[in-house]
Amino acid sequence: MSKKIMFLTEVAMMSALAIILSFVQFKGLWANGGSVSLEMLPIFLMAFRRGLPGGLLTGFIVGMVKILVDGTAGYNPAGIVLDYPLAFLLAGFAGVFKVSPASDSKKRMSAIVAGIIFGSVLRLASHVVSGVIFFAAFAPKGMNPVVYSILYNGSYMVPVAIITAVAFIFMTKTAPRLLHRTDHRVVNAA
């Protein structure tokens, strides 16, 4: 199988897994969007396995599919872009932090946690901008809309980042091969 087909297959599988994981969520107090789930795990997995191209493409696809899944009727088109494809694409920038199979477990875990924090902060920034522009009216009277948006969006993004980091630390110890792609040569028996 060619490297490009293998890459696209992994992106498709991880995008589908992210959407499935997004259905298992804790909605909590977030009446205007946001929830805690493991949907970021496959995006970060692709970012660490395949670098920026894998993380960015997987994040973008997840964001586009979530538009269809979540239903965005009556939502501002610019807000849709900020809260879906751009937000999840930005999470894919976790791929900047290379996870080397040769490095010791402490370095690997440090890179993973740094990547998850980086990708989560970028996704949070996109949601905050959307909140300031399109949801400022929901801020309590007298509260700065920027502060409100940071608190609102941070209240679900921080738990998502923590839960995802814990899951990755567990995966690093139990299944480190998931984080590193291997190039298996397929031999045709023709």
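This is a predicted model: local features need pLDDT of at least 70, side-chain atom pairs count only at pLDDT 80 or more; totals for chains, interfaces and linings use all residues.
## How the helices pack

Two packed helices are described by the angle between their axes and the distance between the axes. Start with α5, which covers residues 105-134, and α6, which covers residues 145-174. Their axes come within 8 Å and cross at roughly 155°. Angles over 145 degrees count as roughly antiparallel, so α5 and α6 are put in that class. The crossing of this pair is right-handed. As for what sits in the contact of α5 with α6, the residues split into 16 nonpolar, 8 polar and 3 charged.

Next up is α1 with α2. Here the axes are 8 Å apart and the packing angle is about 55°, which makes α1 oblique to α2. The crossing of α1 and α2 is right-handed, and their contact divides into 18 nonpolar, 4 polar and 4 charged residues. Then there's α2 with α5: the axes come within 11 Å and cross at roughly 120°. Roughly perpendicular stops at 115 degrees, so α2 and α5 end up as oblique to each other. Their crossing is right-handed.

## The nonpolar core

In soluble globular proteins, nonpolar side chains tend to be buried together. In this model, the largest nonpolar core has 36 residues. Which residues have the most contacts inside it? They are Met40, Phe44, Phe48, Ile112, Ile116 and Phe168.

The largest share is 10 residues, and it belongs to α6. That ties back to the packing above, where α6 was paired with α5 at an axis distance within 8 Å.

With ring centres required to lie within 6.5 Å, the count comes to 8 aromatic pairs. One of them is Tyr75 with Tyr84, an edge-to-face pair at 6.5 Å centre to centre with 70° between the planes. Are these two tyrosines buried or partly exposed? Tyr75 has 24% relative accessibility, so it counts as partly exposed, while Tyr84 is buried at 11%.

Now for a pair inside a helix. Tyr148 and Tyr152 both lie in helix α6, 4 residues apart, which is about one turn of the helix. Their ring centres are 5.9 Å apart and the planes sit at 35°, so the pair is tilted. Stacked would need planes under 30 degrees apart. Both tyrosines are buried: Tyr148 has a relative accessible area of 15%, and Tyr152 comes in at 14%.

## Single residues worth a click

Gly119 is in helix α5, and it's buried, with a relative accessible area of 0%. How far apart in sequence and in space are Thr164 and Leu38? They are 126 residues apart in sequence and 6.4 Å apart in space, C-alpha to C-alpha.

Ser103 sits in the loop between α4 and α5. Its relative accessible area is 18%, so Ser103 counts as buried. Arg123 is 20 residues from Ser103 in sequence, and their C-alpha atoms are 28 Å apart.

How values were computed: Residues are numbered from 1 along each chain as its sequence is written. Side-chain values use heavy atoms; hydrogens and water are left out. Rings of Phe, Tyr and Trp (its six-membered ring) pair if their centres lie within 6.5 Å; planes under 30 degrees apart count as stacked, over 60 as edge-to-face and the rest as tilted. Buried means under 20% relative accessible area, exposed over 50%, partly exposed in between (1.4 Å probe, protein chains only). Helices (H or I, at least four residues) and strands (E, at least two) are DSSP runs, numbered from the N terminus. Axes are lines fitted to C-alpha atoms, for helices over the stretch in contact, and angles run from 0 to 180 degrees between N-to-C directions. Angles under 35 degrees count as roughly parallel, over 145 as roughly antiparallel, 65 to 115 as roughly perpendicular and the rest as oblique. A crossing is left-handed if the near helix is turned anticlockwise from the far one by less than a right angle, and right-handed if clockwise. Ala, Val, Leu, Ile, Met, Phe, Trp, Tyr, Cys and Pro count as nonpolar, Asp, Glu, Lys and Arg as charged, and the others, Gly among them, as polar. A nonpolar core is a set of buried Ala, Val, Leu, Ile, Met, Phe, Trp, Tyr and Cys residues joined through side-chain atoms within 4.5 Å.
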